[in-house]
Amino acid sequence: MDPTYVAHAHLHLFGSVLDPSRPVIDVGCGDGAQTVAIGQRFDRVIGVDVAPSAVERARKHHGAPGIEYEQLDLLKPEQAAALHERIGDAGLYVRTVLHAFTPEELTLAATSLAHLAGDTGGAFFYELAPASRDFIVGQLAGEGVPAEKFGFVFDRVPLPAAREEGALQRELEKVGFEILSSAPIDYQGTVTADGRHVNVPAFFVVARAGAAR
């Protein structure tokens with residue numbers, strides 16, 4: 001699904017948790033398409049991605065006033081701490097980034113996100129649910145859509161790691177986030193050449209920085 005459309009839809013529903021007076025960080029910005037979409041609502045948006053090639057493409061193809069791009073590895077919390085030192089507390093938009101992390105990686109990523117949010121930042125997360133793994137490799141294959149043809153997932157995001165329901169919420173709470181709301185929400189994508197859509201199990205979390213870490 002068009003990342004611009006998704007970003008606008010999310011911000012319409014949950015954007016109030018992001019303070020317009022603070023920078024917003026688009027975590028896992030990819031080519032920057034959704035970063036620019038977020039920038040239509042906020043004065044300063046920083047797209048970050050672990051891949052230098054993604055950051056280079058974003059700067060080339062989706063530059064705009066108030067938009068910045070930086071390379072950042074969530075598995076290295078010191079990088080997040082250094083960015084926070086420069087820009088202060090920030091709001092976070094995190095879409096289909098964390099679902100493939102191992103438990104140890106998720107702990108590191110949550111620590112990085114806490115650094116970025118600081119003491120006051122809000123955060124919106126949209127992730128594939130643990131149940132989506134079996135859905136992708138099992139149910140779709142059974143319907144005649146081979147897993148290797150499930151392009152919108154495998155081209156853009158890896159398969160979800162096996163983990164318990166609520167694991168992300170628990171990790172966020174451990175590092176000081178207050179969970180404001182969380183619920184299932186489908187991830188829609190196109191899986192066939194004729195445009196057939198499927199809804200994959202996913203969920204959202206709205207949170208804000210809580211107690212000092």
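Gly176 follows α8 and has a positive phi, near 110°. Helices (H or I, at least four residues) and strands (E, at least two) are DSSP runs, numbered from the N terminus. The model is predicted: local features need pLDDT of at least 70, side-chain atom pairs count only at pLDDT 80 or more, and totals for chains, interfaces and linings use all residues. Residues are numbered from 1 along each chain as its sequence is written, and side-chain values use heavy atoms, with hydrogens and water left out.

Helix α8
- In α8 (residues 167–174), Ala167, Leu168, Gln169, Glu171 and Leu172 are buried (under 20% relative accessible area, 1.4 Å probe, protein chains only).
- These buried residues pack against α5 (103–117), β5 (122–128), β6 and β9 (202–209), where contact means heavy atoms within 4.5 Å.

Sheet
- An open sheet of seven strands has the order β3-β2-β1-β4-β5-β9-β6, with mixed pairing; two strands pair if DSSP finds at least two bridges between them.
- The edges are β3 (67–71) and β6 (177–184); each has a single partner strand, so one side of each lacks a neighbour in the sheet.
- From one strand to the next, the twist averages 20° (axes are lines fitted to C-alpha atoms, for helices over the stretch in contact; angles run from 0 to 180 degrees between N-to-C directions).
- Strands β1 (residues 24–27) and β4 (residues 91–95) run parallel and are joined by four bridges; Val24 has Gly91 in β4 as its bridge partner.

Helices on the sheet
- Helix α3 (residues 52–61) packs on the sheet and touches β2 (45–49) and β3, its direction making about 165° with that of β3.
- Helix α4 (residues 77–87) also packs on the sheet, touching β1, β2 and β3, at about 150° to the direction of β3.

Notes:
Buried means under 20% relative accessible area, exposed over 50%, partly exposed in between (1.4 Å probe, protein chains only).
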